[in-house]
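Work through the exercises below with the sequence and the model at hand. Each task is followed by a stepwise solution.

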Amino acid sequence: MNLLSYFRIWLACARYSIVRTMMFRFDFVMWSLVEFGWMAVNLLLIAVIYRHTQDIAGWTKYQMLLLVGTSMLVQRFIMGFFWSNLFEMARNIRSGHFDFFLSQPGNPLFMVSTRKLDLDGIANAFVAMAVVAYAVRELGLTPSLVDLSLYALMVFCGILINYGALLMIVSLTFWLGAAQGIEGSYFTLMEFSRLPRETFRGAANVIFVWILPAVIVSNTPARALLHGFEPVNALWLVAATAVWLGLGVSVFNRGLRRYASASS
Amino acid sequence: MSALAKYRHAFLLGLQSNIVYRWNFAIRALFSLFHLAFVFILWGAAYKGQTEIGGFNLDQTLTYFVLLLVMQFFIGAFNEDYQISEEIRNGLINQFLLKPINYYAYRFSIFVAARAVSGFLALVPILCALPLLKDHLVLPHDGWRIALGLPAMAMAAMIQFTIAYCFGLLSFWFLEIQSFIILSLAVETVLGGQMFPLDLMPPWFFHLSQWLPYYYQMYFPTAIFTGRLDMASALSGLALQAFWVVALLAIGHLLWTRGLRRHTAVGG
């Protein structure tokens, strides 16, 4: 199959997801509220802490808001495009329903990753964008079109890194099978993306900044808007994207070789 | 069979079935240590350049979060709402309608068993992390805090479970209740003091929160143990907490009787 065919499949899946969402409108509203509620919880944390302090590791309230908004933006896109698909992949591996994807005439990873769109996640990505825009305005920043394009590219890298990490975690189901809830570890890890890099010291710095991709996915784009484009950080982000995407795909492919379906 | 013996058996069964999931609880507890790391990093940075926030020093605030974590595993409702919802949707609830057993008491016995297992399992990673934590733990030694904190903890468990029970019963009316549960969890996370100690909120908000049941879920017992509440506030809080236990039990009972009128048991 060529790229155009894959694009057509994706479009068909997107259309199906939209029709399905429109059939269950109440559900869509509820899940949008759920995501919005959790975003509000995180913003409230910032508001409460900054009632009692001027800065966190040199980051002022609105700088922090920009960082948290960026972290939310990456996560909302992940929730919108990939979370349900990968979450269901783990369930399907356990139940044997994963066979369905293998029998389709396309790349299994593509088929698994793009079957559903969650419109609530995508809708809340606009809320996250509004948070970022509000922070930019309050900080008096005037980013040029180039700055915004670079920011968007870095957020895209962040999405790919998150996708790679999530895919790797979920693919462990090929080996672990019964270990339910392993997907939740992704959220634990991503909690750290709401913190400025400067807050990490010692072992935490090594683990969350250098080894795991939690901190750079949000800090690099946010810093680019705040302090201008920093080539070293951007290169680091691109390298991390290649590494984590590569890791995710290779663990998935190795897991695929182990997959032996389940008895019916 | 005496009433107590029935629920003792339910408790023992709950104990056995939850021990099967010991690794799930242990892994969950391990991940919660990462959350604790997040809390330590964030609040550590917020305290830079000042010794107190809201009248409490860094170690007092960190102790609050460590104890809160332990509380969650001992008295928090995990997926009881979902289990009850599944029993209603799958018709498994029908068997309880024919037996001389109170569904609430049966489910509560299993909840107590589950929390006993998850609570003690959660202590393992926390004890392992103790060498790193112990320098930051500062607990007041007043005897009254234990005397008032333990009943507060018991009533908090009842509030936690009864709210989950009520949400589970919504399955009599709605096909899918997961979104209700997660939305309510977001509210509980804030108003229960799990995101930040409630006393750091503006005073009007803190006073308002004291009238809501969420305050008595996690914040209240944790605040008694960690010295964030004085004896007078603890005593008046216990009275309000008891009110919420009774009110929620009444709501649960109402939902159960109303829900059963809508329920259709099919098959044998």
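**Exercise 1: the fold of chain A**

In chain A, 79% of the contacts with a separation of 6 or more join residues 24 or more positions apart. The model is predicted.

Solution. 
1. Buried residues account for 38% of the 264 residues in chain A.

**Exercise 2: a helix pair**

Task: Determine how α3(A) and α6(A) are oriented relative to each other.

Solution. 
1. Helix α3 of chain A spans residues 61-95 and helix α6 of chain A spans residues 119-138; their axes come within 8 Å and cross at roughly 165 degrees.
2. Angles over 145 degrees count as roughly antiparallel.
3. α3(A) and α6(A) are therefore roughly antiparallel to each other.
4. Residues making the contact include L66(A), L73(A) and W83(A) of α3(A), and I122(A), A128(A) and V132(A) of α6(A).
5. By class, this contact of α3(A) with α6(A) has 16 nonpolar, five polar and two charged residues.

**Exercise 3: the side facing chain B**

Task: Find which helix supplies the largest share of the side of chain A that touches chain B.

Solution. 
1. In total, 27 residues of chain A are in contact with 25 residues of chain B.
2. On the chain A side, α2 (25-52) and α9 (184-190) each supply at least two residues.
3. The largest share, 13 residues, comes from α2(A).
4. The side of chain A that touches chain B has 16 nonpolar, nine polar and two charged residues.

How values were computed. Residues are numbered from 1 along each chain as its sequence is written. Chains are lettered from A and ligands numbered from 1 in the order in which they are written. This is a predicted model: local features need pLDDT of at least 70, side-chain atom pairs count only at pLDDT 80 or more; totals for chains, interfaces and linings use all residues. Axes are lines fitted to C-alpha atoms, for helices over the stretch in contact, and angles run from 0 to 180 degrees between N-to-C directions. Helices (H or I, at least four residues) and strands (E, at least two) are DSSP runs, numbered from the N terminus. Angles under 35 degrees count as roughly parallel, over 145 as roughly antiparallel, 65 to 115 as roughly perpendicular and the rest as oblique. Two residues are in contact if their C-beta atoms, placed from the backbone, lie within 7 Å. Ala, Val, Leu, Ile, Met, Phe, Trp, Tyr, Cys and Pro count as nonpolar, Asp, Glu, Lys and Arg as charged, and the others, Gly among them, as polar. A residue is buried if 20 or more other C-beta atoms lie within 10 Å of its own, exposed if 12 or fewer, and partly exposed in between; C-beta atoms are placed from the backbone.
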